[in-house]
Protein chains: 2
Amino acid sequence: MGRLTGGDPSLLRRINSAVVLHALRGADAPTLTDLTRITGLSRPTVEGVMEGLFEAGLVVESVPDGGQARRQGRPARRFRFRAEAGHLLGIEIGPHRVSALLSGLDGRIIGAGAREVSETAGADDRLDKVRAVVADLLRRTGVARSSLRAVGVGSPGIVEADGTVRLGTALPGWTGLALGERLRRSFRCPVLVENDANAAAVAEHWKGAATESDDIVFVLAGLSPGAGSLIGGRLHRGFGGAAGEIGALHLLGREATPERLLSTTGTPLDPLDEPAVADVFTKARQGDVRAQAAVERFVQRLVHDVAALVLALDPELVVVGGWATELDDVLDPLRSELARYCLRPPRVTLSLLGEAAVATGALRLALDHVEEQLFAVEGTVTARR
Amino acid sequence: MGRLTGGDPSLLRRINSAVVLHALRGADAPTLTDLTRITGLSRPTVEGVMEGLFEAGLVVESVPDGGQARRQGRPARRFRFRAEAGHLLGIEIGPHRVSALLSGLDGRIIGAGAREVSETAGADDRLDKVRAVVADLLRRTGVARSSLRAVGVGSPGIVEADGTVRLGTALPGWTGLALGERLRRSFRCPVLVENDANAAAVAEHWKGAATESDDIVFVLAGLSPGAGSLIGGRLHRGFGGAAGEIGALHLLGREATPERLLSTTGTPLDPLDEPAVADVFTKARQGDVRAQAAVERFVQRLVHDVAALVLALDPELVVVGGWATELDDVLDPLRSELARYCLRPPRVTLSLLGEAAVATGALRLALDHVEEQLFAVEGTVTARR
């Protein structure tokens, strides 16, 4: 109750602005009369709010179709939300690839770009690639850098609230990197850094395999598996930002690491040597017995880790992404294992967004940030961090 | 944004009522002038709200001290929240004991009662004991049954939103029991049933070891270990109400059950045979080597289960209750294990409420329910289920 500001006269005004903006974005070129009907607000209230939105550049008069204009004597003015009033970036920084998605304020994607990067590249080189991808994307789409309102970034590792990577073993030079601060130098807008699995969870909920569920676990399968979860539709980061760091779970059972599990020679694989890893899976498909055994060990580990997460969180849905999107062999063992231990086993499905999941989630987080500013009403919309 | 009701004229009125009620409960017999100052509301607004609270019986004029009344010519009227306008019960139903706590609308406990019950008692017998404890408690405190506004119940097992026990192996005849429905026949007010570990988590956060933290895991150690967690100060039940059911975690590692781990003979203990279990711990303390080994196995299991939960949820604080409150040997292994696997290991502490934790949490849940009705403001206070 501490946050209630009973005497605040601007509360209702802000609620009304949010309601009108929301209606504007949802409707197809509404008139003032439409907005009055949709929102239930009085005409003077709607007019007052619209004046403010005009001034902020968020609303513009919609030019009617020629035919309609002729048919009516003097058509009512129609309005639309100016999605082009600002832009957002969603960036993924991965071991082998950096990529970016660009959208307007409505979140619709208007451009994408990606570059390969060596898994041995240091932080400076990797950030240079990020900047190059972004510069190229802005140039190709003709969007000015000054039009960016927020940038979301998905990165491996445990990420602090200020965008510092507390631990990131998947990328060279990543642990301790002030990633948010470094990227903020390239942009004049807020830069939000998020763990990659967390970003992917948000993405699948937004426009992937989990649009129908608010309680999900997203598993980013790989040699350094990670997981992100939404609880009641909201990202659960944990107190220290380390929720879902199931990569350490196997240590509890004193079992071998994934690198060792996947090895067919007894020598652990290099976690960043994806070709070698892919080779094991390929050989397994071709019938190589040792490779099959290795893959089976790997799948068993993944299943164990996910089952522990499911027992702790009890989600409605588990979405499996990362490598596993190429592994037909993962879903069935996972389902049967969960059925053994859970009274009401969650549904298990593969990621729909695949390679685009992390960047898409990063874009959504940038959009969330901007929408909070647009729609912020104290006590009704809670800040993300 | 879907919940915003921009045109609702009663929103501000309800916020104002909540603010005034909150101020009334927090201040010591405030005057109208005090309330105006505390809330920042206008005098007419405060007067209007107070009128409604009078009518609802929630506010009464506070009789001033004799001395103060004489000193001033005509003292300003003072008011107080009528905590006695209604009452709440918090009930624990356990394997060996049922207990109840009674409070007024301010949550201050005004009475308590408990009865032993056999671990072999069926559901009917156990519920009879509950009713007897409650009847006795109400009689002793002189509180009319009709004054009860809500009843909270903490029970072992996975509890559905409607109060049905989906799985409850710790008590005979408990699985499938319509516990909420059965108890509702004895009360004319809402009856809220919650998993015992969940209730205990709420209690420790309210007035136990976790008052300073909003992100906690409570571990109810025992032969059927359970856990409850608060995320951002709110109970996390999971999609199917089964979050934290870590009793099944050991199955993942194909390890032995706690009953087997604690056995010194090779024959598993009866999970409900607490004397036999206590005997193992006593013997261990007395230096019996086989008992010590059994306790060590048990502690190791508990540590493993809790560590998995911590990796999944990343809480700020772990509170250990149940048996473990008698086990000095649990905290240190738990802390060192968590330090090994977690970047930022949570603090680990023992329950402060001990045996009273579950009933206290059940009382708090009843209080939450009533407060939601008193303070409910759509969009600012979210319903619990």
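Let me start with one term: two parts are in contact when heavy atoms lie within 4.5 Å. Keep that in mind, because packing here rests on contact in that sense. And one caution: this is a predicted model.

Start with the sheet in chain B. Five strands form an open sheet in chain B, in the order 5-4-3-6-9, and the pairing is mixed. Which strands stand at the edges? Strand 5, residues 109-116, and strand 9, residues 191-195, of chain B. Each has a single partner strand, so one side of each is left without a neighbour in the sheet. On average, neighbouring strands of this sheet are turned by 15° against each other, direction ignored.

A quick reminder on how this works. Strands of a sheet pair through backbone hydrogen bonds, either parallel or antiparallel.

Now look at one pair. Strand 4 of chain B covers residues 97-104. Strand 4 pairs with strand 5 of chain B in the antiparallel sense, over 7 bridges. Pick out B:Leu101: its bridge partner in strand 5 of chain B is B:Ala112.

Next, the helices on this sheet. Helix 5 of chain B, residues 123-141, lies across strand 3 (87-93), strand 4, strand 5 and strand 6 (148-155) of chain B. Helix 5 runs at about 145° to strand 5 of chain B. Helix 7 of chain B, residues 196-207, packs on the sheet too. Helix 7 touches strand 5, strand 6 and strand 9 of chain B. Its direction makes about 100° with that of strand 9 of chain B.

Stay in chain B for one side chain. Where is B:Arg182? In helix 6 of chain B, residues 179-184. The side chains of B:Arg182 and B:Asp124 are joined by a polar contact of 2.6 Å. Leave aside neighbours within four places in sequence, and B:Arg182 is in contact with B:Asp124, B:Leu127, B:Arg131 and B:Leu177.

Now over to chain A, and backbone angles. Most residues other than glycine have a negative phi. Here are two with a positive value.

First up, A:Ala29. Its phi is near 45°. A:Ala29 sits in the loop between helix 1 (10-26) and helix 2 (32-39) of chain A. Buried or exposed? A:Ala29 has a relative accessible area of 15%. The cut-off for buried is under 20%, so A:Ala29 is buried.

Then A:Asp314. Phi is near 55° for A:Asp314, again positive. This residue lies in the loop between helix 11 (289-313) and strand 13 (317-322) of chain A. A:Asp314 is buried as well, with a relative accessible area of 7%.

Terms used. Residues are numbered from 1 along each chain as its sequence is written. Chains are lettered from A and ligands numbered from 1 in the order in which they are written. This is a predicted model: local features need pLDDT of at least 70, side-chain atom pairs count only at pLDDT 80 or more; totals for chains, interfaces and linings use all residues. Side-chain values use heavy atoms; hydrogens and water are left out. Two strands pair if DSSP finds at least two bridges between them. Helices (H or I, at least four residues) and strands (E, at least two) are DSSP runs, numbered from the N terminus. Axes are lines fitted to C-alpha atoms, for helices over the stretch in contact, and angles run from 0 to 180 degrees between N-to-C directions. Buried means under 20% relative accessible area, exposed over 50%, partly exposed in between (1.4 Å probe, protein chains only). A polar contact is a pair of N or O atoms within 3.5 Å; within protein, one must be able to donate a hydrogen and the other to accept it, and residues adjacent in sequence count only if both atoms are side-chain atoms.
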